[in-house]
Amino acid sequence: MTELGLNEHHQMIVMNYMKFARYQRTQNLKAIEYAFKDVLDSRLLEETYTSDEVQELLLGLCKVVRADIETELISCTHMTILLLKQLFEQAEKWHLRLQADLSELENREQLEVVKALENNEFLYVKPDKNPPTPTKVKLVPMNDTSGSVRLLNMEIDRLKEENGKLSHSVKESESKANEYLQELNQLKIDLGSTQDEVTALKELSLNAPQPSQLNEMEDQLSQVKNLLATNLEQSVSNQQQLELELSATREKVAEVQAQLSLAEQELERKFSQTAAYANMKKMLSKKNEQLKELRKKLQHYEPDDNVDG
């Protein structure tokens with residue numbers, strides 16, 4: 001088909017489609033002829049008709065012919081779309097994007113070429129009784145190094161390059177993920193160690209030595225009271241002397257209690273000023289800060305985990 005500039009393979013496909021279209025066109029013309037013949041055989045039975053009757057016959061015939069032509073035109077459009085779909089699917093397999101200039105469908109010169117081609121091809125050929133069955137044609141491998149093959153090779157090279165970049169990116173992501181996992185495990189270990197140290201410091205602060213002089217003073221006071229009671233029971237004659245001693249003892253007790261209170265306050269003050277107390281307080285504060293920082297880092301990697309302090 002030198003007129004259209006197609007190769008032999010595409011020429012065969014165009015000829016098959018032309019035969020198929022010619023068969024469909026012949027069937028459509030026969031349907032129109034049958035519609036007219038049906039009117040002639042079933043309606044034109046009298047010799048004379050009025051104008052209204054003729055108009056009714058023509059309107060009915062027009063509706064039938066119009067419906068048949070519309071149906072066939074729609075069917076022809078749909079079949080053409082299916083043909084284009086096959087071509088586009090084959091092009092997409094080769095990563096090609098076909099272009100179509102719809103204005104060329106009204107190119108009078110090309111239409112005359114196609115008309116002449118059809119007239120020459122089917123000049124002495126009677127219409128087929130059966131529609132031609134299109135043959136399935138496999139794509140032939142292209143060996144030339146130009147046109148679509150070059151585009152395909154460029155697309156393959158681009159895909160290979162992109163695949164290499166993606167593989168490299170995946171390896172880097174896996175390496176970073178392993179580093180993050182190692183860092184996360186180390187943070188968990190540090191957090192556990194810090195929690196153990198904080199627990200030990202809390203136990204040490206609870207078990208810190210407490211002042212014991214108050215208990216000793218209370219024991220002494222109890223002994224003095226017992227002694228006074230015994231002396232009162234044993235010696236009535238020395239009541240005045242005992243009362244004096246009791247008064248003196250009470251004063252002594254008051255003084256002892258005052259001294260005991262002062263000693264207790266002094267003991268608490270001195271204990272709060274000792275280096276051990278200050279170091280212990282400083283260590284607790286420092287460990288608490290470390291524990292907060294480790295929690296923040298752990299939440300960065302495991303935001304949904306609940307970490308107990």
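Is the crossing of α1 and α2 left-handed or right-handed? The crossing of these two helices is right-handed. The model is predicted. Helix α1 covers residues 8–42, α2 covers 51–93, and α3 covers 108–121.

**α1 against α2**
- The axes of α1 and α2 come within 10 Å and cross at roughly 165 degrees.
- An angle over 145 degrees counts as roughly antiparallel, so α1 and α2 are roughly antiparallel to each other.
- From α1, the contact uses Y17, F20, Q24, N28, A31, I32, A35, F36 and V39.
- From α2, the partners are L61, V64, V65, D68, I69, E72, M79, T80 and L83.
- This contact of α1 with α2 has 13 nonpolar, 3 polar and 2 charged residues.

**α1 against α3**
- The axes of α1 and α3 come within 12 Å and cross at roughly 80 degrees.
- Angles of 65 to 115 degrees count as roughly perpendicular, so α1 and α3 are roughly perpendicular to each other.
- M15, M18, R22 and R25 of α1 meet V114, L117, E118 and E121 of α3.
- The contact of α1 with α3 divides into 4 nonpolar, no polar and 4 charged residues.

- N107 caps the N-terminal end of α3. A side-chain oxygen of N107 lies 3.1 Å from the backbone nitrogen of E109.
- At 1.5 Å a residue, the 14 residues of α3 should span 20 Å. The end C-alpha atoms of α3 are 20 Å apart, which agrees.
- H95 sits in the loop between α2 and α3. Phi of H95 is near 60 degrees, a positive value in a residue other than glycine.

Notes:
Residues numbered from 1 in each chain as written. Predicted model: local features only at pLDDT ≥ 70, side-chain atom pairs only at ≥ 80, totals over all residues. Heavy atoms only, no water. Axes fitted to C-alpha atoms, helices over the stretch in contact; angles between N-to-C directions. Helix = DSSP H or I, 4+ residues; strand = E, 2+ residues; numbered from the N terminus. Parallel < 35°, antiparallel > 145°, perpendicular 65-115°, else oblique. Contact = heavy atoms within 4.5 Å. Nonpolar A, V, L, I, M, F, W, Y, C, P; charged D, E, K, R; others polar. Expected span 1.5 Å × (residues − 1). Polar contact = N/O pair within 3.5 Å; in protein donor to acceptor, adjacent residues only side chain to side chain. Left-handed = near helix turned anticlockwise from the far one by under 90°.
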